[in-house]
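Please examine the sequence and the three-dimensional structure shown below.

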Amino acid sequence: MAAYQTVVVGTDGSDSSFRAVDRAAAVSADAGARLVIVCAYYPATQTDVDKAQDVLRDEAYQVVGSAPAEDTLQSARDRAVKQGAATVETVAIVGEPVESLRKVVSERSADLLVVGNRGLNTLAGRILGSVPSEAARKSGVDVLIVHTT
């Protein structure tokens, strides 16, 4: 089997998702593969923006729009580089996590998707489905579920 060429990993900025980024970066570095880090988000409504500005004043830009996703991606990129990943791309994408990951996997012709196991063993995850279980079922490529919790 040939080494992976393109590795996609999802992050939401949580510590557990950053552990998945670390593992994806290590795999990418070992294989000499391109690493694509994805952060799915939903745009803030005007009501959300107004509430954030009421509470946070000048700091509201940090939690509305794509700013939180971009900050998450920059942190993830920094971690990936420290793990030895040489070619790192970041993608902030509007939408639900699993569908967003599937879209990026398809667009980038990825051959490995890496996700953390967060939510996999929770009651809600078993009833409603979790990102790792859905990604494993729907991705169409190899999936590495990293033990992060």
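Which residues does Phe18 touch, not counting residues up to four places away in sequence? They are Thr11, Gly13, Thr72, Ser75, Ala76 and Arg79, where contact means heavy atoms within 4.5 Å. The model is a predicted one, in which local features need pLDDT of at least 70 and side-chain atom pairs count only at pLDDT 80 or more, while totals for chains, interfaces and linings use all residues. Residues are numbered from 1 along each chain as its sequence is written, and side-chain values use heavy atoms, with hydrogens and water left out.

Phe18 is placed in helix H1. Helices (H or I, at least four residues) and strands (E, at least two) are DSSP runs, numbered from the N terminus. Phe18 counts as buried because its relative accessible area is 10%; buried means under 20% relative accessible area, exposed over 50%, and partly exposed in between, with a 1.4 Å probe and protein chains only.

One of the contacts of Phe18 is Thr72, a residue in helix H3 (residues 67-82). Thr72 is likewise classed as buried, because its relative accessibility is 13%. Beyond four places in sequence, Thr72 touches Thr11, Asp12, Gly13, Phe18 and Cys39.

Helix H1 itself covers residues 15-31. Its 17 residues, at 1.5 Å a residue, should span 24 Å, and the end C-alpha atoms are 25 Å apart, so the two values agree. The expected span is 1.5 Å times one less than the number of residues in the helix. The buried residues in H1 are Ser16, Ser17, Phe18, Ala20, Val21, Asp22, Ala24, Ala25 and Ser28. Just after the helix, Gly32 takes a positive phi of about 70°.

An open sheet is formed by 5 strands in the order E3-E2-E1-E4-E5, with parallel pairing; two strands pair if DSSP finds at least two bridges between them. E3 and strand E5 (142-146) are the edge strands, each pairing on one side only. On average, neighbouring strands of this sheet are turned by 25° against each other, direction ignored. H1 packs on the sheet and touches E1, E2, E4 and E5, and its direction makes about 175° with that of E1. Axes here are lines fitted to C-alpha atoms, for helices over the stretch in contact, and angles run from 0 to 180 degrees between N-to-C directions.

Individual pairings can now be followed. E1 and E2 pair in the parallel sense over 5 bridges, and the partner of Val8 in E2 is Val36. Val36 also has a bridge partner in E3, namely Glu89. E2 and strand E3 (residues 87-94) pair in the parallel sense over 8 bridges, with Arg34 standing opposite Thr87 in E3. Strand E2 (residues 34-41) is mostly covered, since 6 of its 8 residues are buried. Together, E1, H1 and E2 make a right-handed β-α-β unit. A crossover is right-handed if, with the strands pointing away from the viewer, the path from the first strand over the helix to the second runs clockwise.

Strand E4 contains Leu113, which counts as buried because its relative accessibility is 1%. Beyond four places in sequence, its contacts include Val8, Leu101, Val105, Ala135 and Asp142. Leu113 and Asp142 are 29 residues apart in sequence, and their C-alpha atoms are 6.3 Å apart.

Is Ser109 buried or exposed? Ser109 counts as exposed because its relative accessibility is 58%. It lies in the loop between helix H4 (97-107) and strand E4 (112-116). Most residues other than glycine have a negative phi, whereas phi of Ser109 is near 50°, a positive value.

Finally, confidence should be considered. The chain has a mean pLDDT of 80, with 72% of its residues at 70 or more; pLDDT is the predictor's confidence in each residue, from 0 to 100. Confidence is highest in strand E1 (residues 6-10), at 96, and lowest in helix H5 (residues 123-128), at a mean of 37. pLDDT stays under 50 over residues 59-64 and over residues 119-129. Where pLDDT is low, the predicted coordinates should not be read in detail.
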